Amino acid sequence: MERLSLSGVAFLMYFFGNDQTLVFAGQSCATPFSMGRSCFSDRYERFVLNEMTPAASSTGSPANSQAKTPAGGALPITIRDATKAYGRIFALDNVDLDVRSGEFLTLLGPSGSGKTTLLMVLAGFTRPDYGSIKFGEREIVRTPPHKRDLGMVFQNYALFPHMTVAANVAFPLKLRGVSKPEMDQRVEQALETVQLGGYGERRIDQLSGGQRQRVALARAIVFEPRILLMDEPLSALDKKLREQMQIELRRLHDKLGMTTVYVTHDQREALTMSDRIAVINHGRVMQLGTPNEIYERPANRFVADFIGESTFLPVSVQDGVASFGGQALKVAQLPRGDHELLLMLRPERLHLVTNGEEVRDSAVNAFQAQVREMVYQGDSFLMYTELEDGTEVTVRGMTRRDMVSCLPAIGDAVQLALHSDDTVLVSAEGA
Amino acid sequence: MSDLALPTSSSSLAHSNQQELKRDARQERFVLFSLCSPALLLVLIIMVLPVGWLFWLSFLGEDGNFTLENYQRMVESKSYARIFRNTFEVSLLTTAICILIGYPLAYFLSQLPRRTANLCMITVLLPFWTSLLVRTYAWLVLLQRRGLVNEWGMDIGLWDEPIKLVHNLTGTLIGMVHIMLPFLILPVYGSMRAIDRDYLKAAANLGASPTQAFWRVFFPLSLPGLFAGSLIVFVLCLGFFVTPAVLGGGKVIMVSMRIATNIELFFNWGAASALGVVLLVLTLAILGVASRVLRFDQILGRGH
Amino acid sequence: MGKDKSFSSRSRAGIAVAAMALAAGGFVSGATAQEKVTIASWGGSYQDAQSKALFQPAEKATGIAVTEETYGGMSDVRLKVKAGAMTWDIVASGSGSAARAGAEGLLEPLDYEVIDVSNFYPTLKMKYCVGGDVFSTVFAWNTETYGENGPQSWADFWDVEKFPGKRAYRGKVAGALEPALMADGVPMDKVYEVLSTEEGIERALNKIRELKPHIAVWWSSGAQHAQLMKDGEVDMTTGWNGRFDVAINDGAKAAYSFNQALLDYDCFAIPKGAPNKDTAMKFLAEISKAEYQANLPKYITYGPTNKLAYEIGKIDKAVAEKLPSHPDNAKLQLPVDIEWYGKFEQKASAMYQDLVTE
Ligand SMILES: Nc1ncnc2c1ncn2[C@@H]1O[C@H](COP(=O)(O)OP(=O)(O)O)[C@@H](O)[C@H]1O
Ligand SMILES: [Mg+2]
């Protein structure tokens, strides 16, 4: 309590900039703002995420490690040339996509980008204009939905309101002629899997949103489909529940091991849950890759913009050297091709170098800027700065107890440092 | 206030404003109640009182004293039992035919795009704008021995002798179904429109063929509407007068017609009231049994 | 619509709760002790005819102010009598209903010292009511089906060999049993005698049972049986003569006969507790006179109850010959026995309904 209010006072003091000396404690401020990195002396020691996905790190178990594959094994999905036009709008525009057997693949894109259409084409509710869809070796593009044998969780759950929870879950089993004792046992098992054991006799309208979500899931997996489709299944839940369900869904996938195609427009959700993400826009796959690839090496401006926050600076390339405003850039990798290129600045990858200090590290690009505004967000802070050419650039840092002593004031000139590994150039296309 | 109540009241006084808040709540309830009181009064006046009056009258004899003769008569004369059976039979048949015709029609309408459906709905509702008597007589003109249907049928050579289409049960049912159909279609259509298509997609996805999806998901979900519609039709049929009187040729005698006859015959509301009471009680009993069997409270009670 | 005839009452009587609409009239005169009567009838063209032929001329002649109302039949009278709040002085009624209402004590006995009925047909008045107009229940036939040589008696009406074709018959007992007995060979003057036992009623019912397979429609109103003939829906029916006249004038291919027809009448009565009983009696005496009665056929094809009406030259000869109460027609007919209805109608009705619903 006390500490909190103290730091609050300190923050206010900082914010109104009425005590310069306190804010600028000079050299005593060993560690200005960094993101979990120690300080300038050993700065930019990179915490390498490598191929570890955020999802894997949050669940603590790498994908598929202990996968219990469904009967007959998970199935890969091969989508070729899938196209669907509504009038002049291409909801799907020659989509080619391979979903690996047993993977958790997320279709991520803004609203209206064609995610649902693609999912509906997979489920058989939308007939594409042309194209090929294969589950394993089987071409199913002309198979009616009820013969596709895949599980699906609808955005609004579509639980049958005239049936109990158990009857909902038993529905697919009944249609498959499963015997009564086996059915009961499998229903209960499925409900237990989604942590709803003993809820069988409830009516649907007696359940909370999260519980409905789980019933929908139980119903979609109870017949052990080899493919599971989910269309924004968590969008109706509040934030906390949504985050909890993200982890649960991922765990469940790891446990059951079916090929999962998941639709969301929430980039954080996609990053959290997926083995791979297909970023979609205007009915086209913009990039397919692991969350890390998508985040760290976006293929174009659209992907970079859609995932995470970024500021883009125009970059010119000459003789294999990229430069911004006359300043040559040390870059991780120079994209091939002769697209127009942009420098992507992620707020959390920029570091503040306080006045008087110079950046000598050879692997760092530095930019001159002026502080415009500061926003305190509890765990982190945002600093809005302006480059010399007038571009606004945001810097994000983690807050620390003693940070008040290290912060610059509004109007101060600062240097923004960017490690060459974080200096990513993206194609200006696809915006 | 008694001494015994003192500890509780003193402890309740310890909470600030407790009494006042309680009083506010009471006042609020009272105000809300007074707001509905005109409606309650209306219900009392137009529903409860007349039915009570009906009961009372049914136990009055011609001399104005208490008697069971009005009920006794119903037991003694064979025609009453027949008329009641007839009334329920005709009502059930009408309801059944309305369901058979109306349900598929409503289903068809519910599958159309909304604007087309609305247009079609107007044609369904069109009969509402014509007087019942006119429609009934129109059927008489169409169906009678030298009516249009018989003349055309014989002209085309479908049949040689005029067939009996009216002045019997057939004619009565045709007329009643025609008049009752909108009462069935409207609620059924409404409940069908309210069914989210995702339910059917979900059913298909889970392995249900279109037929299975219809019977296991769509049909049960449309039941509240079907039930409401059937109930309205059935109950309205029970009290039907004009159509059976005109199209039944005196061969289809419903309770309402007998009520009218009895008032003339006995100048006595009691004789007629008793019929009304028995009809009311039988109807309630049938609905009671039906609600048990069909458990429609569960279907209807389902809310979101 | 016109008038629905019945022995006991009107078919619509029980259907509608009578709208107690005030008809024209009121207290216009400035005379202090002006006499007045309130008359309740069935409204429609029937009451119009009554009003024009009887009430208005009598009002003018006597100075008794007339207020006209409509009502739903004797059941309304009963309610008012029981409530002790009678507002009507005179009610128009079917003869049978009046007889039973009288027996039940709902009506005042009429004073035939005041009302002169010396020129009435003797059957057209009784203790509690005095005849207002006369009509007949006749058999009518389709002239296309049978030509002009249609059925001449009730026996012919029953003879489906000689006169094949569909029949319509009344759905209520009133006027339904007498023709059956006549068809069964009972002489006209013995009909009510035979009917006065349960066996006699059963005999009539059995005769109707015989005809039942040929009865396509059990009619319930005058409008209906007229329409049935007009449309050719049935080939033969019973019904009220006035209705058939209207239908025939309208182009219906139909004819009817007064032979063995049932001569019946509508009447006026004074309800118990009438506020202006004595004035009402005077007014009834006035409208029973031949000069008023002779007005009736101008407005409706029902006959006067006062024989003198035929003699004062007010009615066209051609018209007179078609009226049910014309002496030539009246003598062919069986006057309806109101007493029998008072005694037996309810019992007979129950048996008749059993037959119809069988
Ligand atoms: N049934 C339809 N009729 C017309 N246009 C449609 C239909 N379904 C989708 N679209 C259009 O196709 C595009 C993709 O839609 P959708 O797949 O639902 O996007 P998302 O799920 O990514 O939000 C949108 O522009 C949408 O308007
Ligand atoms: Mg969508």
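**Before going on.** I am reading a predicted model, in which local features need pLDDT of at least 70 and side-chain atom pairs count only at pLDDT 80 or more, while totals for chains, interfaces and linings use all residues. Residues are numbered from 1 along each chain as its sequence is written, and chains are lettered from A and ligands numbered from 1 in the order in which they are written.

**Strands in chain C.** I found E2(C) (residues 36-41) and E3(C) (residues 65-70) running parallel, joined by 6 bridges. Strands pair if DSSP finds at least two bridges between them. Helices (H or I, at least four residues) and strands (E, at least two) are DSSP runs, numbered from the N terminus. With helix H1(C) (residues 44-62), these two strands make a right-handed β-α-β unit. Right-handed means that, with the strands pointing away from me, the path from the first strand over the helix to the second runs clockwise.

**Where C meets B.** I see 30 residues of chain C in contact with 25 of chain B (C-beta atoms, placed from the backbone, within 7 Å). H16(C) gives the largest share of chain C's side, 7 residues.

**Ligand 1.** I listed the residues around ligand 1, among them Tyr86(A), Gly112(A) and Lys115(A); each has its C-beta atom, placed from the backbone, within 6 Å of the ligand. H4(A) supplies the largest share of this shell, 3 residues.

Conventions: Two residues are in contact if their C-beta atoms, placed from the backbone, lie within 7 Å.
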